[in-house]
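Hello,

Here is the structure I promised to pass on to you. Please open it alongside this message, and the notes below will take you through what turned up.

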Amino acid sequence: MAKPNVLVTRMVPQENLDRLRERFDVEVNTEDRPLTREELKSKVKGRDAILSMLTDTIDGEILDAAGPKCRIVANFAVGYNNFDLAAATRRGVVLTNTPGVLDDATATLAFTLLLSVARRIVEADKYVRDGKWTGWAPLFFIGLDVDGKTLGVAGLGRIGKNMARKAAAFGMKIIYNDVRRDAELEAALGARFVDKETLLRESDFLTLHVPLIPETHHYIGEKELAAMKPTAVLINAARGPVVDEKALARALKDKVIWGAGLDVFENEPKVEPDLLGLDNVIVVPHVASGTTETRLNMGRIAVDNIVRVLGGQPPATCVNPDVLKK
Ligand SMILES: NC(=O)c1ccc[n+]([C@@H]2O[C@H](COP(=O)([O-])OP(=O)(O)OC[C@H]3O[C@@H](n4cnc5c(N)ncnc54)[C@H](O)[C@@H]3O)[C@@H](O)[C@H]2O)c1
């Protein structure tokens, strides 16, 4: 009997591929770029499973191109705004993500951005390399204190909580907004639940960890930026469209807020050109979960889910659980 057939839309760690190849016929996109929409449409044809990236839009058209054999699309990411859940559920296709294993790496990158913006690390590094440094000076590259300041967390889920715990080690006060309260974290860290207005008004550092859903599109725009402190720093390691990037560029230019650290962008890989001319923003290319261990673990979850579903078992991390009731 022919082995089930799996498409992997971009290179993942070798160990993940080896495990898939033990059981399945596997085709991998080995080019160092995402598949185009047309390539994806043609490559998914006749597959039993797809291991997808956050850059692949998986909707009804792609699932129809894959055909009726396709039983699972396993995303190599915890965020799954690239999935059309209803379209997959209607077609009986299981969708999965990789929650939990990337909390440390993602929060560490978000915290790195926070510290680097506060202490102007990138700007200062460039200054030295450019040969401009002439010696110590008392009012030189003055930054912001972090210790004892207030961290606002928008979206106190797995990554938001991890960020709050890291901030607590810096003696930061934690405030948060979410659609649900977390009594356990409030007790453990003295975190305070606040409404969005208070979050914007009181945060010295505001870090975004909400999923990208219609309700969080442009969660931070011109009005929200105007409500923040002029000394505030915004960190976005969630998804680009959670922030109105043009409004942010204006706010940074006009010093409406002090600075920003961004891992994600509205139209990746494009970055709002106005941002790139500013010193008070640090931009990195969507690398928050990018550590050796974390990417391997993300791949392990995706592969486990494919093995389970093609073996007739429920996946460990389904994001359209209604499909399992069918
Ligand atoms: N930059 C990266 O590389 C990277 C890496 C991992 C995750 N992410 C992003 O981070 C997001 C969060 O991941 P997670 O694992 O912590 O998810 P999670 O589901 O554990 O947490 C999300 C939290 O946001 C809350 N939330 C939802 N809608 C809200 C709203 N309107 N207002 C306030 N809170 C709201 C949820 O209740 C939940 O507590 C992912 O969806 C993904 O897009 C980005």
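This is a predicted model: local features need pLDDT of at least 70, side-chain atom pairs count only at pLDDT 80 or more; totals for chains, interfaces and linings use all residues.

Aspartate 103 is buried yet has no salt bridge. The nearest side chain of opposite charge belongs to arginine 158, and it is 4.6 Å away, whereas a salt bridge needs the two atoms within 4 Å. Leaving aside neighbours within four places in sequence, aspartate 103 is in contact with Arg158, Ile159 and Asn162.

Which backbone atoms come up to the ligand? Here is what I can point you to:

- Isoleucine 159 has a backbone N or O atom 2.9 Å from an oxygen atom of the ligand.
- Alanine 237 has a backbone N or O atom 3.0 Å from a nitrogen atom of the ligand.
- Glycine 157 has a polar backbone atom 3.4 Å from an oxygen atom of the ligand.

As for annotation, the unreviewed UniProt entry places "domain: D-isomer specific 2-hydroxyacid dehydrogenase NAD-binding" at residues 111-288. In the model, this span is 35% helix and 15% strand, and its end C-alpha atoms lie 10 Å apart.

Next comes helix α11, residues 245-253. Its buried residues are Glu245, Ala247, Leu248, Ala249, Ala251 and Leu252. What do they pack against? Their partners are α10 (222-227), β10 (233-236), β11 (259-262), α12 (273-276) and β12 (281-283). At the start of α11, aspartate 244 reaches with a side-chain oxygen to within 3.3 Å of the backbone nitrogen of lysine 246. After the helix comes lysine 255, with a positive phi near 60°.

Most residues other than glycine have a negative phi, and most peptide bonds are trans. Against that background, these spots may interest you:

- Histidine 218 has a positive phi, near 50°. Its place is in the loop between β9 (205-208) and α10, and it is partly exposed, with a relative accessible area of 27%.
- Histidine 286 also has a positive phi near 50°; you will find this residue in the loop between β12 and α13 (292-310).
- Glutamate 268 and proline 269 are joined by a cis peptide bond, with omega about 5°. Proline 269 is found in the loop between β11 and α12.

One last stop is alanine 191, in the loop between α8 (183-189) and β8 (192-193). Is alanine 191 buried or exposed? It counts as buried because its relative accessible area is 6%, and buried means under 20%. Apart from neighbours within four places in sequence, alanine 191 is in contact with Ile174, Tyr176, Leu185 and Glu186. Alanine 164 is 27 residues away from alanine 191 in sequence, and their C-alpha atoms are 8.3 Å apart in space.

Notes
Residues are numbered from 1 along each chain as its sequence is written. Side-chain values use heavy atoms; hydrogens and water are left out. UniProt positions are given in the numbering used here, feature names are shortened, and annotations may be inferred rather than shown by experiment. Helices (H or I, at least four residues) and strands (E, at least two) are DSSP runs, numbered from the N terminus. Buried means under 20% relative accessible area, exposed over 50%, partly exposed in between (1.4 Å probe, protein chains only). Lys and Arg count as positive and Asp and Glu as negative; His and the chain ends are not counted. Contact means heavy atoms within 4.5 Å. A polar contact is a pair of N or O atoms within 3.5 Å; within protein, one must be able to donate a hydrogen and the other to accept it, and residues adjacent in sequence count only if both atoms are side-chain atoms.
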